[in-house]
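Hi,

Here is the structure I promised to pass on. Have a look at it first, and my notes on what turned up follow below.

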Amino acid sequence: MTLAPADPTVELVVLLTEDGTPCGTAPKADVHHTSTPLHLAFSCWIVDGAGRTLLTRRAAVKRTWPGVWTNSFCGHPGPGEEPADAVVRRSVQELGAPVTDVQSLLPTFRYRAVMADGTVENEICPVFTARLAGDLALDPSEVDDYRWVDLAQLRAEVAAEPGPFSPWMRLQLQEF
């Protein structure tokens, strides 16, 4: 367990007990490894009026799952921050655009996934939908590419070849 860092620019993630109770914090840069502790995250699926969702390809410089296609964006609520508020904050940081109409979709989603190099994701990760409220201005350290896709088409792509897609996105798609 770590207290607030001396450097306020250090992003903290909220560590959790097995039942989801906050039990401390850790610097985001230090938390993802071969024995990643359970921590709080969120996923957001941006949808448009035509029923399409925004997919993003994670930047090649990302620590976890670089270069894979995933749901619109993800992140970690800070200590004391509600996940829905983190969605609003993170959309501007990662996509360069605000979101509106943030809705809870899978409030108790939890997953654990292991990369080929042994790095683990281990998260309680509420899933939200939202609407884009501005033009995209992607942060290149977060996103390499994007595309809009119909959910039926996405399901077919994932069924045909799951490898290019993040494990959490594939699991969430199964639960929709």
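In this predicted model, strand β4 (residues 42-46) and strand β11 (residues 127-132) run parallel and are joined by four bridges. Strands here are DSSP runs of E with at least two residues, helices are runs of H or I with at least four, and both are numbered from the N terminus. Two strands pair if DSSP finds at least two bridges between them. One of the residues involved is isoleucine 46, whose bridge partner in β11 is alanine 130.

Both strands belong to an open sheet of four, in the order β7-β4-β11-β8, with mixed pairing. β7 (73-75) and β8 (99-106) stand at the edges with a single partner strand each, so one side of each has no neighbour in the sheet. On average, neighbouring strands of this sheet are turned by 25° against each other, direction ignored. Helix α4 packs on this sheet and touches β4, β7, β8 and β11, its direction making about 65° with that of β4. Contact means heavy atoms within 4.5 Å; axes are lines fitted to C-alpha atoms, for helices over the stretch in contact, and angles run from 0 to 180 degrees between N-to-C directions.

What about aromatic pairs? The whole structure has five. In one of them, tryptophan 45 and phenylalanine 176 sit edge-to-face, 4.8 Å centre to centre and with 70° between the planes. Tryptophan 45 is in strand β4 and phenylalanine 176 in the segment after α4, so to speak of the chain, they are 131 residues apart. Rings of Phe, Tyr and Trp (its six-membered ring) pair if their centres lie within 6.5 Å, with planes under 30 degrees apart counted as stacked, over 60 as edge-to-face and the rest as tilted.A second open sheet has three strands in the order β6-β5-β12, with antiparallel pairing. Strand β5 (residues 52-58) and β12 pair over seven bridges, and leucine 54 stands opposite tryptophan 148 in β12. Helix α3 packs on this sheet, touching β5 and β12, and its direction makes about 115° with that of β12.

The two helices also meet each other: the axes of α3 (residues 151-160) and α4 (residues 167-175) come within 11 Å and cross at roughly 125°. That makes α3 oblique to α4, given that angles under 35 degrees count as roughly parallel, over 145 as roughly antiparallel, 65 to 115 as roughly perpendicular and the rest as oblique. From α3, Leu151, Leu154, Arg155 and Val158 meet Met169, Arg170 and Leu173 of α4.

Finally, β1 and β2 form a hairpin with five residues between them, and glycine 20 in the turn has a positive phi of about 90°. Leucine 16 has proline 22 in β2 as its bridge partner.

Two notes on reading the file: residues are numbered from 1 along each chain as its sequence is written. Local features need pLDDT of at least 70 and side-chain atom pairs count only at pLDDT 80 or more, while totals for chains, interfaces and linings use all residues, and side-chain values use heavy atoms, leaving out hydrogens and water.

Best wishes
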